[in-house]
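Dear colleague,

Please find below the structure I am handing over to you, together with its sequence.

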Amino acid sequence: MIIYHGSNVKVEKPALIVQNRFLDFGFGFYTTTNKVQAENFAGKVFARRGGNAIVNIYEIDDSVFSNLDVKRFKGADEEWLDFVADNRNGLYKGEKYDLIIGAVANDDVFQSLQLYLTGLYTKEQTLAALKIKKLYDQYVFATEKALRYLRFIGWEEVQK
């Protein structure tokens, strides 16, 4: 399987870096199978930090997932929403996973999520709004054990 990581630098050796904000699935190295999504994220990182808009390309054999403690969400359902809300609020205290796979709260989804996190949407309203959104995936490598299975195969600069 090919997966992508958007950044402002080439990342040949992915590492777990302390983050300065709370993200959907908590601490980890965020990737996606959607190249366009990675390109968009690379553009945002470049705009914030400079450098270049870079999409890093990796390969992973998904048969190795059986060697990892994997949390896989089926969609943007109630379980996913609770998990993301807890992580975004810095409140998640549940089980730790090597790899977390599920929908990403991209810009389109983020608006509905923010309305929920601020109390303007109920859980039911949020889930209803998410059903009509086009959801992309994210694969979050949350441990060094999981990162060992990623194989860097190249990078591309995103045209600005």
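Which residue forms a salt bridge with K10, and how far apart are the closest N and O atoms? The partner is E12, and the distance is 3.4 Å. K10 is partly exposed, at 42% relative accessible area, and E12 also counts as partly exposed, at 46%. Please note that the model is predicted.

The structure holds seven salt bridges. One of them joins the side chains of K35 and E156, with 2.7 Å from N to O. This pair links distant parts of the chain, since K35 belongs to helix α1 (residues 35-49) and E156 to strand β7 (residues 151-157), 121 residues apart. K35 has a relative accessibility of 28%, and E156 has 33%.

Another salt bridge connects K123 with D82, the closest N and O atoms being 2.7 Å apart. K123 lies in helix α4 (residues 123-131) and D82 in helix α2 (residues 78-88), so the pair ties together parts that are 41 residues apart in sequence. Through shared partners, salt bridges join E78, D82 and K123 into one network.

As to the overall fold, the protein has five helices and seven strands, arranged along the sequence as β-β-α-β-β-α-β-α-α-β-α-β. Buried residues make up 45% of the 160 residues. There are 21 positive and 21 negative side chains, and the centres of the two sets lie 4 Å apart.

With kind regards

Definitions and conventions
Residues are numbered from 1 along each chain as its sequence is written. This is a predicted model: local features need pLDDT of at least 70, side-chain atom pairs count only at pLDDT 80 or more; totals for chains, interfaces and linings use all residues. Side-chain values use heavy atoms; hydrogens and water are left out. Helices (H or I, at least four residues) and strands (E, at least two) are DSSP runs, numbered from the N terminus. Buried means under 20% relative accessible area, exposed over 50%, partly exposed in between (1.4 Å probe, protein chains only). Lys and Arg count as positive and Asp and Glu as negative; His and the chain ends are not counted. The place of a charge is taken as NZ of Lys, CZ of Arg, CG of Asp or CD of Glu. A salt bridge is a side-chain nitrogen of Lys or Arg within 4 Å of a carboxyl oxygen of Asp or Glu.
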